[in-house]
Amino acid sequence: MLVFKLSGLHGIYDQYIFSNVALPPYILDAVVKPWTLITYFFMHSMSDFFHILFNMLIMYWFGIIFTEFLGDKKLVALYFLGGIAGGLAYLLMYNVVPYYKGHMEMVSGLIGASACVYAIVVGAATIAPDYRINLLFVGPVKIKYLAAVYIFLSLIQSAGSNAGGEIAHLGGALMGFSYVSLLKRGTDLGKPLYAMTNFFTNLTKSDRKLKVVHRSKKKTASKTQTTSTTNQPSQDSVDEILDKISERGYEGLTQEEKEILFKASQRKH
């Protein structure tokens, strides 16, 4: 965007790039360009550099907390789900609520990853509400309070100049809470994304030669099955640990429970 602006070709950017990656407020336009429900949260305006920087820092800090409990794969899934939920909330409000419908003409489109970041912040606060981080000049603060502040700020600004962005924030936050809450009950909303990722990963893998072993087949199979069963924690035990985290925080877990949670976060889907 900066290159187009400095070269005097900003009109080309608006007509051919922004219009094809930003999520439009009109639902019919979004239906014609369904990919914008994904592309919008991979784009930022370079004129707001500190907004990008702030988003990346918050995502890094809270992403570390989230992956400590649930692993990288679920973090990526929540990023996508949060962005999609934020975009759908944006479309819903601008096409249903009279106030936003009346201001639709002033909205060119939605871009930015803030909905994804809000999903990760609230997701981390849902799984470990009493986890503390140290804030400059403030000291240790539980992340559930930080998440509450983020939600409150977006709520009171949802009728302001960046109303569409604030609505997307709230949609992402709702997804973060829903994703972790359902995960505790054994329902993983990220499964379709895991399946899609595995599909494309398998396409890029080179064929591996199979090595035939003629000796001790039954014994080896039995041993492998026993090891797999022993090493992999059950979903019930993981759910109990997640419930304990929500009540007492991560610090309340025993070392054995932490190891079980770590193993569960490394499981492949």
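Me: How many salt bridges does the structure hold?

Reply: The structure, which is a predicted model, holds three salt bridges. One of them is formed by aspartate 188 with lysine 74, and the closest N and O atoms of that pair are 3.9 Å apart.

Me: Where do aspartate 188 and lysine 74 sit in the chain?

Reply: They come from distant parts of the chain, 114 residues apart, with aspartate 188 in the loop between helix H10 (163-184) and helix H11 (191-204), and lysine 74 in helix H6 (residues 72-96).

Me: And is aspartate 188 buried or exposed?

Reply: Aspartate 188 counts as buried because its relative accessibility is 10%, where the cut-off for buried is under 20%.

Me: Which residue does lysine 142 pair with?

Reply: The side chain of lysine 142 meets that of aspartate 130 in a salt bridge, with an N to O distance of 3.5 Å. This pair also links distant parts of the chain, 12 residues apart, since lysine 142 lies in strand E2 (residues 139-142) whereas aspartate 130 lies in the loop between helix H8 (114-127) and strand E1 (132-135). Aspartate 130 has a relative accessibility of 11% and therefore counts as buried.

Me: What about lysine 144, what does its side chain meet?

Reply: The side chain of lysine 144 meets that of aspartate 130 in a salt bridge, at 3.2 Å from N to O. Because aspartate 130 lies in the loop between H8 and E1 while lysine 144 lies in helix H9, the pair ties together parts that are 14 residues apart in sequence. Lysine 144 is partly exposed, with a relative accessible area of 32%. Taken together, Asp130, Lys142 and Lys144 are linked in a network of salt bridges.

Me: Switching to helices, at roughly what angle do H5 and H9 cross?

Reply: The axes of helix H5 (residues 49-70) and helix H9 (residues 143-156) cross at roughly 145° and come within 13 Å, and the crossing is left-handed.

Me: Which residues make the contact there?

Reply: On the H5 side the contact is made by Phe54, Ile58, Phe62 and Ile65, and on the H9 side by Ile143, Leu146 and Tyr150. By class, the residues of this contact divide into seven nonpolar, no polar and no charged.

Me: How does H9 pass H10, left-handed or right-handed?

Reply: H9 passes H10 in a left-handed crossing, and the axes of these two helices come within 8 Å and cross at roughly 145°. The contact is made by Ile151, Ser154 and Leu155 of H9 together with Glu166, His169, Leu170 and Ala173 of H10. By class, this contact of H9 with H10 has four nonpolar, two polar and one charged residues.

Me: Which residues is threonine 36 in contact with, leaving aside its neighbours within four places in sequence?

Reply: With those neighbours left aside, threonine 36 is in contact with Asn20, Val21, Ala22, Leu23 and Pro24. Threonine 36 lies in helix H4 (residues 36-39) and is buried, with a relative accessible area of 0%.

Me: What is the phi of phenylalanine 137?

Reply: Phenylalanine 137 has a positive phi of about 70°, although it is not a glycine. This phenylalanine is found in the loop between E1 and E2, and at 80% relative accessibility phenylalanine 137 counts as exposed.

Me: Last, the whole chain: how many helices and strands does it have?

Reply: The protein chain has 14 helices and two strands, and buried residues make up 40% of its 269 residues. Among the contacts in the chain with a separation of 6 or more, 68% are accounted for by residues 24 or more positions apart. The accessible surface of the protein chain comes to about 16400 Å², of which 64% belongs to carbon and sulfur atoms.

Note on methods:
Residues numbered from 1 in each chain as written. Heavy atoms only, no water. Axes fitted to C-alpha atoms, helices over the stretch in contact; angles between N-to-C directions. Helix = DSSP H or I, 4+ residues; strand = E, 2+ residues; numbered from the N terminus. Left-handed = near helix turned anticlockwise from the far one by under 90°. Contact = heavy atoms within 4.5 Å. Nonpolar A, V, L, I, M, F, W, Y, C, P; charged D, E, K, R; others polar. Salt bridge = Lys/Arg side-chain N within 4 Å of Asp/Glu carboxyl O. Buried < 20%, exposed > 50% of the residue type's maximum accessible area, 1.4 Å probe, protein only. Areas by Shrake-Rupley, 256 points an atom, 1.4 Å probe, with all protein chains shown as cover.
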